[in-house]
Each structure stands twice: as C-alpha cells, then as structure tokens.
Amino acid sequence: DSVLQLDIEMVLTAHPTQVVRRTLLSKFRKISDILGGLSSSEITELEKSQLMEMLRVQIYFQFFCFLN
C-alpha cells in the first residue's frame with residue numbers, strides 16, 4: 001500500500017566532472033581576457049598594474065585553491 005502512495009520524480013544533475021570542466025573553462029576565459037588586455041598597446045601603467053593583480057588573483061585561485 002505505501003509503495004502506491006510514493007511520489008517519485010526524476011532529477012537530472014551534472015556529472016561532477018562536467019561542473020569542474022565548466023569551472024575551469026570559465027577561469028581560463030578570465031585569464032585569457034586579462035592577457036588580451038595586457039597585450040594592448042594603449043593601456044596605461046595603472047591599468048597594466050590592475051590587470052597584473054587580476055591575473056595574479058586568477059592564477060592563485062586556479063592553481064592553489066582549486067587543488068584543495
């Protein structure tokens with residue numbers, strides 16, 4: 001009797017490797033955008049400094065925090 005009263009719903013979730021893959025792609029895209037900005041000949045020293053700091057942060061989080 002109790003089996004007939006069950007309400008079962010299908011839930012689809014991403015495989016953990018897909019989540020990791022999307023996260024990595026997003027981080028690589030951010031790093032690529034920063035490198036693109038650094039390659040511009042029209043940036044000021046302040047902008048270059050800001051982009052370098054952004055790059056350091058992205059690399060830190062990519063390679064040190066992601067491993068934990």
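Biologist: Leaving aside neighbours within four places in sequence, which residues is Gln 62 in contact with?

Modeller: Gln 62 is in contact with Leu 24, Lys 27 and Phe 28 once those neighbours within four places are set aside, where contact means heavy atoms within 4.5 Å. This is a predicted model, in which local features need pLDDT of at least 70 and side-chain atom pairs count only at pLDDT 80 or more, while totals for chains, interfaces and linings use all residues. Residues are numbered from 1 along each chain as its sequence is written, and side-chain values use heavy atoms, with hydrogens and water left out.

Biologist: What makes Gln 62 count as buried?

Modeller: Buried means under 20% relative accessible area, exposed means over 50%, and partly exposed lies in between, with a 1.4 Å probe and protein chains only. Gln 62 has 5% relative accessibility, and therefore counts as buried. Gln 62 lies in helix 2, helices being DSSP runs of H or I with at least four residues, strands runs of E with at least two, both numbered from the N terminus.

Biologist: Why is Gln 58 called buried, and which residues is Gln 58 in contact with, leaving aside its neighbours within four places in sequence?

Modeller: Gln 58, also in helix 2, has a relative accessibility of 18%, so Gln 58 counts as buried. Beyond its neighbours within four places in sequence, Gln 58 is in contact with Lys 27, Lys 30, Ile 31 and Ile 34.

Biologist: Why is Val 57 called partly exposed?

Modeller: Val 57, which is found in helix 2, has a relative accessible area of 33%, so Val 57 is partly exposed.

Biologist: Which residues make the nonpolar surface patch of about 660 Å²?

Modeller: The patch is made by Phe 28, Val 57, Ile 59, Tyr 60, Phe 61, Phe 63 and Phe 64, and its largest share, six residues, comes from helix 2, residues 45-65.

Biologist: How do you know that the protein is more spread out than a compact globule?

Modeller: The protein has two helices and zero strands. Its radius of gyration is 21 Å, well over the 11 Å that the globule rule gives for 68 residues, so the protein is more spread out than a compact globule. The radius is taken over C-alpha atoms, and the rule is 2.2 Å times the number of residues to the power 0.38. Along the principal axes, the C-alpha atoms fill a box of roughly 75 × 25 × 15 Å, and 10% of the 68 residues count as buried.

Methods
Patch = residues over 30% accessible without salt bridge, like charges linked within 9 Å, V, L, I, M, F, W, Y side chains within 5 Å. Areas by Shrake-Rupley, 256 points an atom, 1.4 Å probe, with all protein chains shown as cover. Salt bridge = Lys/Arg side-chain N within 4 Å of Asp/Glu carboxyl O.
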